[in-house]
Amino acid sequence: PEAVIINSSHNHSVPLLKVGEPDGSPKSPGEDQVRAIGTEYLDKLRSAAAGLAARLEPVKIEWGVAQEGRFTYNRRGRRPNGQMYFMREEDRQLRPADYTGLIDQDAAVVLLTGKKGPVGAIAFYTGHPVTAYKPENPISFGEWPQVAGEILSAHLGGVPVAFLQGCAGDINSKFLLTGTVEQSREFGGYLGESFIKAVVFRKPSQRTDLRLQRQTVDIPLAPYPDQASLERSIAELDEFIRRCRAGDDDALYVVGLNYTRELSPPYRAIQMEGVRKWYTNALEIQKAGKTGEVPKALPLETVVARIGDIGFVGMPFESFVRTGLKIKHNTPLPFVLTCGYTDGGNGYIPDATACNDLDYMGGNYRYRIGRPPYRAPGADAMADAAIVILKDFAR
């Protein structure tokens with residue numbers, strides 16, 4: 001089991017599948033159907049996995065990288081006063097048409113080829129698949145990772161393609177909350193085209209072995225804000241929630257967060273009620289004099305591997321692009337698949353440059369009651385640990 005790695009594309013437009021028996025809590029609309037789909041999915045996954053051992057065969061490892069920068073952008077903007085904010089579609093439209101900010105354009109493919117041809121491929125790219133995403137009017141759609149994977153699979157004769165999501169914590173696909181399925185399919189076409197280019201210009205791996213290691217890393221945590229600061233934030237939230245419940249479409253800014261009119265005021269109120277619970281919980285800790293009991297670090301496990309010449313790093317949270325690029329730029333392997341969304345979900349954990357920011361990504365700990373703020377180096381602590389392992393694997 002410790003050699004099984006689960007990586008999510010982080011597609012926002014898929015059902016939250018459930019398995020097992022109901023826990024007795026009130027059922028949500030459509031829960032029985034979702035549970036049936038989840039059970040069917042898990043049954044078929046088990047069935048597929050059970051047959052793998054009998055189908056093992058030696059493979060040649062090849063890999064290639066193309067560049068794809070046509071449909072993603074860095075969504076962390078900075079205002080003239082230095083404050084960070086979530087750059088949504090209307091904000092991106094104010095930038096030059098070719099704006100991307102700091103992104104990871106690598107569209108990589110690791111090809112596994114047996115005696116009779118390709119038997120599978122691992123495809124990698126970095127970006128939130130949110131082009132067709134509508135949180136208040138959701139659909140079920142594989143978004144551009146699935147479209148690109150199907151294009152690559154067809155090019156390779158129909159073999160399975162695994163999609164690995166990169167460090168996309170601050171990288172969006174264009175048209176967030178305003179896009180369509182057709183636009184997402186178009187982006188999938190771009191990415192599929194780039195994956196095929198990566199295959200065409202692939203290189204053979206000089207190594208043929210596989211190495212894998214797991215390691216627990218402590219992500220540093222900072223103290224909670226002081227009591228007066230928490231009380232001011234709660235008052236600010238209360239006023240924001242009141243305005244949203246009253247239907248005020250101009251209620252767009254609160255405790256460092258910014259909203260878009262694409263989300264209705266009632267939806268904004270519900271989200272901020274959850275954030276308010278973080279502040280009231282922190283205030284209770286302050287008033288009870290229990291700040292000394294607050295943890296100083298969050299222990300999380302990274303999984304690091306080498307597939308022939310190609311490195312892999314999986315992190316159980318939404319890692320920012322700088323964290324992924326740090327790993328890539330500081331290892332001797334020719335390429336590293338730097339992935340968030342792996343073996344667990346712990347929300348956004350910022351890189352060292354973003355730990356003091358209060359925008360949606362940098363201050364996302366407030367969506368998790370009991371989670372203190374992060375302290376530098378933040379997620380880069382896991383990057384540093386992964387780099388050490390990768391250097392050892394490269395020997």
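# Close-up views of a predicted model

**View 1. The second largest pocket and the elements that line it.** The second largest pocket draws at least two lining residues from each of β12 and α6, where helices (H or I, at least four residues) and strands (E, at least two) are DSSP runs numbered from the N terminus. On a 1 Å grid over the protein atoms alone, a pocket is an open set of points where a 1.4 Å probe fits, with protein on both sides within 12 Å along at least five of seven lines, and lining residues have an atom within 4 Å of a point. The model is predicted, and local features need pLDDT of at least 70 and side-chain atom pairs pLDDT 80 or more, whereas totals for chains, interfaces and linings use all residues. Residues are numbered from 1 along each chain as its sequence is written, and side-chain values use heavy atoms, with hydrogens and water left out. The space in this second largest pocket is about 440 Å³, a volume being the space filled by probe spheres set on the grid points, which are joined across faces, edges and corners. The lining consists of 22 residues, of which H12, Y133, Y267, Q271 and Y360 are the closest to the centre of the pocket. Helix α6 gives the most to this lining, with 3 residues.

**View 2. Helix α6 and its surroundings.** Helix α6 covers residues 265-287, and its 23 residues reach 32 Å from the first C-alpha to the last, close to the 33 Å expected at 1.5 Å a residue, the expected span being 1.5 Å times one less than the number of residues. Among the residues of α6 that are buried are P265, M272, W278, Y279 and I285; buried means under 20% relative accessible area, exposed over 50%, and partly exposed in between, with a 1.4 Å probe and protein chains only. The buried residues of α6 pack against α5 (227-245), β11 (253-254) and β12 (257-258). After α6 comes G289, whose phi is positive, near 65°.

View 3. Rings of Phe, Tyr and Trp (its six-membered ring) pair if their centres lie within 6.5 Å, and planes under 30 degrees apart count as stacked, over 60 as edge-to-face and the rest as tilted. By this rule there are 17 aromatic pairs. One of them is the tilted pair of F187 and Y190, with 6.0 Å centre to centre and 35° between the planes. Both of these residues lie in helix α4 (residues 181-200), 3 residues apart, which is about one turn of the helix. F187 is buried at 4% relative accessibility, whereas Y190 is partly exposed at 23%. Y348 and Y360 form an edge-to-face pair, with 5.3 Å centre to centre and 70° between the planes. This pair links distant parts of the chain, since Y348 belongs to strand β17 (residues 348-349) and Y360 to the loop between β17 and α8 (380-394), 12 residues apart. Y348 is buried at 4%, while Y360 is partly exposed at 24%. F187 and Y190 also belong to one aromatic cluster with F71, Y125, W144, F163 and F175.

**View 4. Arginine ends over aromatic rings.** The charged end of R92 sits over the ring of F175, 5.5 Å from its centre, and that of R95 sits over the ring of Y99, 4.9 Å from its centre. For this, NZ of Lys or CZ of Arg must be within 6 Å of the ring centre and within 35 degrees of the ring normal.

View 5. S13 lies in the segment before α1 (31-50) and is buried, at 2% relative accessibility. Leaving aside neighbours within four places in sequence, S13 is in contact (heavy atoms within 4.5 Å) with A132, Y133, I139, S140, F141 and E143. E143 is placed in helix α3 (residues 143-155), counts as buried at 0%, and has a positive phi of about 55° although it is not a glycine.

View 6. Most residues other than glycine have a negative phi, and most peptide bonds are trans. V255, in the loop between β11 and β12, has a positive phi of about 40° although it is not a glycine, and V255 is buried, with a relative accessible area of 6%. A cis peptide bond joins A376 and P377, with omega about 15°, and P377 is found in the loop between β17 and α8.
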